[in-house]
Amino acid sequence: MKTVRSLIIISLVCVLALAVGVPAWGKDTIKIGVIGPMQFVQGKGHWNGAVMAMEEINAAGGVNVGGKKMKIELVQADSNEFLNVTDATNAMELLMTRHRVDFVVGGFRTEAVLAMQDIAMEYEKIFFGAGAAHPELCLRVAQDYDTYKYFFRAAPFNSNFLVRTSFLHLQFVAGILKSQLDLPNIKVAIVAEKAMWADPMVTASEGVIPKFGMEVAGVWRPSPVATDVTAELSAIQRSGAHVIFTIFSSSVGIPFARQAGELKIPAVQVGINVEAQKDGFWEATQGQGNYIFTLNTYARGVEQTELTLPFVNKYVERFGETPTYTADTYSAIRYSLVPAIENAGTLDSDKLVEVIRDQVVKTPTGTIKYMKDEQGRYLHELTWGPGYLLGLGVQWQDGKMAGVWPNKWKAAPEAPEITYKGIVDYKIPPWVVEAYKK
Amino acid sequence: MNLLRYYLRKVFTVLRNEVLVLPSRIVVLLFFLSMLLIPLVVDDPYFIRILVLTSIFAIFAASWDLLSGFTGQINFGHALFFGVGAYGSAIMNQHGLPHWATIPLGALVAVAAGLVVGVPCLRLRGTYLALTTLAFPIILLGIVFAFPGLTGGELGISGLTRLSTSRTVTYYIVVVIMLLSCAAMWKITDSKIGIIFHAIREDELAVKAAGINTTLYKLLAFCLSGFFAGIAGGLYAHFMRIAGPSTLEVQMSFQVVIYSVFGGIATIWGPVGAVFILVPLMEFFRLWPEFRTLMFAFVVILILLYMPGGLLPWIRNKVEEECPRCKIRNLVTRRVCRVCAADMR
């Protein structure tokens, strides 16, 4: 009887030891936390991109970590960061301590990402930011490398480069107007939503546009949630502007485009219109958003690299919409993180940082190479420019979002021309042609 | 030794005759003890983090109650004090001051903000006062964006020093400050000043007729409330390591009103209890992320529908009742009052 009891006790102890011990030596998944405002389109993009990456990697057998194949497991965390920054930090802490993730991707609102970044760094977990564009996130890396080295920007390229790209688009469109309509002196109306983030862009535009040989016709600042902008449009028409340089991230982008189309304002729109980056823009403007030009990351049929179309087509097929830049969690996992793990043969953050910061990888949006600052310090900031990431200029053409830039674009007079596959010609709205054709 | 024995006997007497006789006081005692003992039994950093944030918001909610619940000066822009405390601490910390100095100094800046708001608002009452106060954090938000060199603009001021490198020490710093602040606020409301605050809320004209300078007391309420909200703001900034525009958002102001109304206004302990219910509940609702806000709203509406005086006073009234003669609270099962022996039936 005594022996039986001893055997039972030994068996129970063994079972208990196995149950406790298995997670330690039997870990066969890599846990990646996906954090973002999941009730909003930005968070959905984070999640969808990560899901696609996970599915592809797991279908191919998983990640080779030092000879051992490991599957990827995603953990979703709703940061609710648009409404509550505290919530975002709690979600990050939850990922770190309860879910014990190995890596994190996502984040959108800069203030929240800064706070979340601190938590991820405290736990020494690699965090790919895929949403916030402010340079400060990467400046911290350079300034305090030992603390912030685990942060890498995945998307988009920083806001300074976003502004630079928008100005390139303005020059591109102005050049076409000049050559096709024979307009010697282009007048530009700057229309920026009345929001703090747009203020420095307005100041920069007012300073830069005259240097491009154009004239500023005026600055208009409608409310970000305005539903009627006919007063602004009439004033723009009276100012004689040929180009409207838009700086919109909010819903005003829809009525502005729709009413400009309805009134047939003789000026083309170019710049940033976040609403126009979405597939639903055509329906939202009832087709009046035709010919609107905006900065974007993806467009169906446009190939920044050979990886773009397979990704975009599969994303459209899987989720029924064109990916936005927050879906670049896909690239962060698929092309930055996983190759680094396979090269390093470990999940150790410190060793992976050394691999990721120096690796050059091709992704659906272009080639990713992390920059250093002027003092040679690691920034973990995306390199912008020919051969790396450029972004796209897209124009709505008869219900389709068509890629129109870069089209024979040269970074310098002696540099080679750049045209992505699938790029089509920019179209001047017929009523603008009619108004100015001599 | 005799002195020690005297104090111990006194504590024991107070405990036996004043605390252990009422369930609400037992709950408060247990709350104090459990808050101080939790880190000894729980080692989960996430759980500790939630408790730290809950404690910070508890100070914030109680400070609103001190001003709006007790004095009746309805403030829909309470985030102003929180934000000023946070930004004040952050700016001073950026200039090299340690957090033990920046938090009280930030709170003093919030007191100044209380004066700035209080003075122009003295002539206003009710809805007009509420709407005017709502404007102040929005104005400050404009100032924050107008001076990005000082305030960090849309990013805020980040990289602040931690309260402590140890999560447990941080917990104790925040919890002890919370317990002391709430006890101080409760003591203020229980003092002569608190009675005047009460009276101003009920009938300001009558208080004036009694020869009391109500202007002074209303300003005092704004300053005291600002001080405690500023303490909460400073703690928040150092815990989060960032003071950003989100500390001044309208949502922050409304959140504190929800906590107070849910827990029961003009009590101090009501808003504190509400924060300790609602903040962890919101975290629990993460299990259903799509319905999180909806469930939160449902719980709040349900409570306010059936317990318009707040959840905690409703519970207290179920287990305790007031003596009809001496107004002392007794356990609901008592037949005679524990103090005056009046018939409770």
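Residues are numbered from 1 along each chain as its sequence is written, while chains are lettered from A and ligands numbered from 1 in the order in which they are written. In this predicted model local features need pLDDT of at least 70, side-chain atom pairs count only at pLDDT 80 or more, and totals for chains, interfaces and linings use all residues, with side-chain values taken from heavy atoms and hydrogens and water left out.

**Stop 1: rings in chain A**

Select A:Tyr298 and A:Phe311, whose ring centres lie 5.3 Å apart with the planes at 55°, so the pair is tilted. Rings of Phe, Tyr and Trp (its six-membered ring) pair if their centres lie within 6.5 Å, and planes under 30 degrees apart count as stacked, over 60 as edge-to-face and the rest as tilted. A:Tyr298 is in the loop between strand E11 (293-296) and helix H12 (308-319) of chain A, and A:Phe311 is in helix H12, 13 residues apart; helices (H or I, at least four residues) and strands (E, at least two) are DSSP runs, numbered from the N terminus. Both A:Tyr298 and A:Phe311 are buried, where buried means under 20% relative accessible area, exposed over 50% and partly exposed in between (1.4 Å probe, protein chains only).

**Stop 2: a pair in chain B**

Next, select B:Phe31 and B:Phe276, an edge-to-face pair with 5.0 Å from centre to centre and 80° between the planes. B:Phe31 lies in helix H2 (residues 23-41) of chain B and B:Phe276 in helix H13 (residues 269-284) of chain B, so the pair ties together parts that are 245 residues apart in sequence. B:Phe31 is partly exposed, at 23% relative accessible area, whereas B:Phe276 counts as buried at 17%.

**Stop 3: charges over rings**

Return to chain A and select A:Lys264 with A:Trp431, where the charged end of the lysine sits over the ring, 4.7 Å from its centre. A charge sits over a ring if NZ of Lys or CZ of Arg is within 6 Å of the ring centre and within 35 degrees of the ring normal. A:Lys372 lies over the face of A:Tyr378, at 4.7 Å from the ring centre.
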